[in-house]
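This report describes one protein model in plain terms. Please look at the sequence and the structure first.

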Amino acid sequence: MKKSYYINRNSDYSYSYEQIGRLIADGRLYAISMIREGEDGEWREVASTEFGTMVPALCSNWNMVGNILAQRWKWYSYSLIAMTISSLLAMVTIGTNAVGVMVGSVLGVAAFIAVLVYLWALLTLLYHLWGLIPEERNKIPPSLRVALLLIPFWGILWNFNVFWVLSGRLRDTHYHSGLPSLKEDCQAYALVSCIALVLWTVIGYVSGFGWLLGMVAIYCQYIAMRCMVFQGGEIIHQRLRKNYVLGGPVPGTPVPSALRRFLPQHNSRIGCFAVGLIVLILFGGSMVSALGLFGMKIYEKLVGSPQTVREYVLSEDKAQELDRAIARLDKVINEKAPGLAAKLPGPASHDQIEELRTRLNGKTIEPVERWLKFHDGSGGMELMPGGRASSAGEIIAYIRAFSLMPYMEWRHNSITLLAETEGNGYFYNLD
């Protein structure tokens with residue numbers, strides 16, 4: 001005959017042996033709670049029964065989780081700040097000049113490392129926060145729930161389950177623990193973050209709008225995570241406080257075999273790692289490809305590999321039109337600004353033109369070559385206020401820089417002819 005138990009001096013509803021073990025493991029029944037075996041038993045504190053042997057292991061685990069939440073939150077916050085600042089600085093500096101390309105490359109690597117730390121901290125925070133939710137509202141193991149976020153595309157939608165649903169269930173757990181509700185509605189911030197992430201995935205390619213959606217998603221996620229980590233800390237503190245009693249079982253007292261399955265499993269982390277590894281093996285091809293392409297681009301910028309561009313040869317009519325325009329410009333400079341004309345360097349040499357072709361993998365971009373034969377720009381003189389002609393080396397650097405900049409597709413097939421200290425400069429669009 002199965003045993004039945006009554007809790008908190010309430011004789012209207014009975015619980016089974018396994019249900020009592022689950023309630024204690026979920027933090028819904030404490031060591032100071034009253035329990036009675038059968039209808040004629042004596043009311044006793046949980047700590048003085050065999051169920052009390054579970055309390056030391058549970059408290060040890062909750063204390064460890066509380067420390068992990070505090071540490072991971074610091075890593076999450078610092079990496080988020082580093083990721084945002086380094087990304088913005090990389091965008092600002094990467095296209096300015098050759099030095100900017102180098103600085104932007106270093107900042108890009110720093111941003112990539114910050115992203116890895118940020119993802120590690122975020123996933124471990126979500127994993128441990130889900131571990132605080134009672135099993136009846138947490139049927140999917142936290143390790144599997146978090147690992148499914150790593151599936152490309154699917155993870156964007158699954159984020160609603162992992163992040164938004166967590167905010168609501170953590171709020172309910174916080175309330176049922178006897179703690180006052182927070183003024184901040186973290187569930188609303190979590191929902192806005194999830195929606196902004198979906199919109200960023202769908203229409204984030206729109207210049208400027210994608211950055212706005214990304215910033216909204218990150219900001220709302222930060223506010224929601226701050227709120228949830230605080231709630232998680234309060235839940236753990238409440239459980240530890242209500243499970244601290246004098247006169248309980250002696251530490252090290254064996255836990256009955258029927259109750260051991262409710263205790264934290266030491267192999268849960270190994271299981272989480274294994275599930276994540278399986279997901280990466282099955283669905284991580286696109287991630288590996290993206291990392292490989294990113295690495296190749298960083299190598300090109302740091303080492304200076306030739307930039308691959310398409311060849312562009314002018315038709316006879318276009319070539320004559322460009323020559324006439326350059327001749328008119330030369331005439332105007334000589335007539336209107338003879339002092340400037342005397343200081344301007346001469347045309348690029350044959351060797352310089354050949355070097356440009358070599359650096360562009362043997363491709364010929366005829367408009368650029370015709371321009372350089374008029375004025376190389378290596379002397380640093382301005383053809384017009386704020387506009388200095390670019391040299392052959394600077395043109396290569398600009399091609400490489402703009403081809404790697406997000407949301408700058410409209411500059412991928414353009415050649416910077418005049419470099420401005422402010423703004424984008426003057427460029428010739430090959431299209």
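## Helices, contacts and cores

A327 is a residue of helix α11 (residues 316-336). Here helices (H or I, at least four residues) and strands (E, at least two) are DSSP runs, numbered from the N terminus. The model is predicted: local features need pLDDT of at least 70 and side-chain atom pairs count only at pLDDT 80 or more, while totals for chains, interfaces and linings use all residues. Residues are numbered from 1 along each chain as its sequence is written, and side-chain values use heavy atoms, with hydrogens and water left out.

The C-alpha atoms of A327 and F374 are 8.8 Å apart, although 47 residues separate the two along the chain.

The protein has 15 helices and 8 strands. Of its 431 residues, 41% are buried. In helix α1 (residues 17-25), the buried residues are Y17, I20, G21, L23, I24 and A25. Just after α1, G27 has a positive phi of about 75°.

In soluble globular proteins, nonpolar side chains tend to be buried together. A nonpolar core is a set of buried Ala, Val, Leu, Ile, Met, Phe, Trp, Tyr and Cys residues joined through side-chain atoms within 4.5 Å. The table gives two of them.

| Core | Size | Residues in it include |
|---|---|---|
| Largest nonpolar core | 59 residues | F51, M54, Y76, L126, L129 and M225 |
| Second, separate core | 15 residues | Y312, A319, L344 and V368 |

In the largest core, the residues named in the table have the most contacts inside it. Helix α2 supplies the largest share of this core, 10 residues. Contact means heavy atoms within 4.5 Å. Leaving aside neighbours within four places in sequence, M54 is in contact with G21, I24, A25, V255, L259, F262 and L263.

Helices α5 (residues 154-176) and α7 (residues 209-242) also meet. Their axes come within 10 Å and cross at roughly 35°; axes are lines fitted to C-alpha atoms, for helices over the stretch in contact, and angles run from 0 to 180 degrees between N-to-C directions. Residues of α5 in this contact include F163, L166 and L170, and those of α7 include M225, M228 and I235.

Terms used:
Buried < 20%, exposed > 50% of the residue type's maximum accessible area, 1.4 Å probe, protein only.
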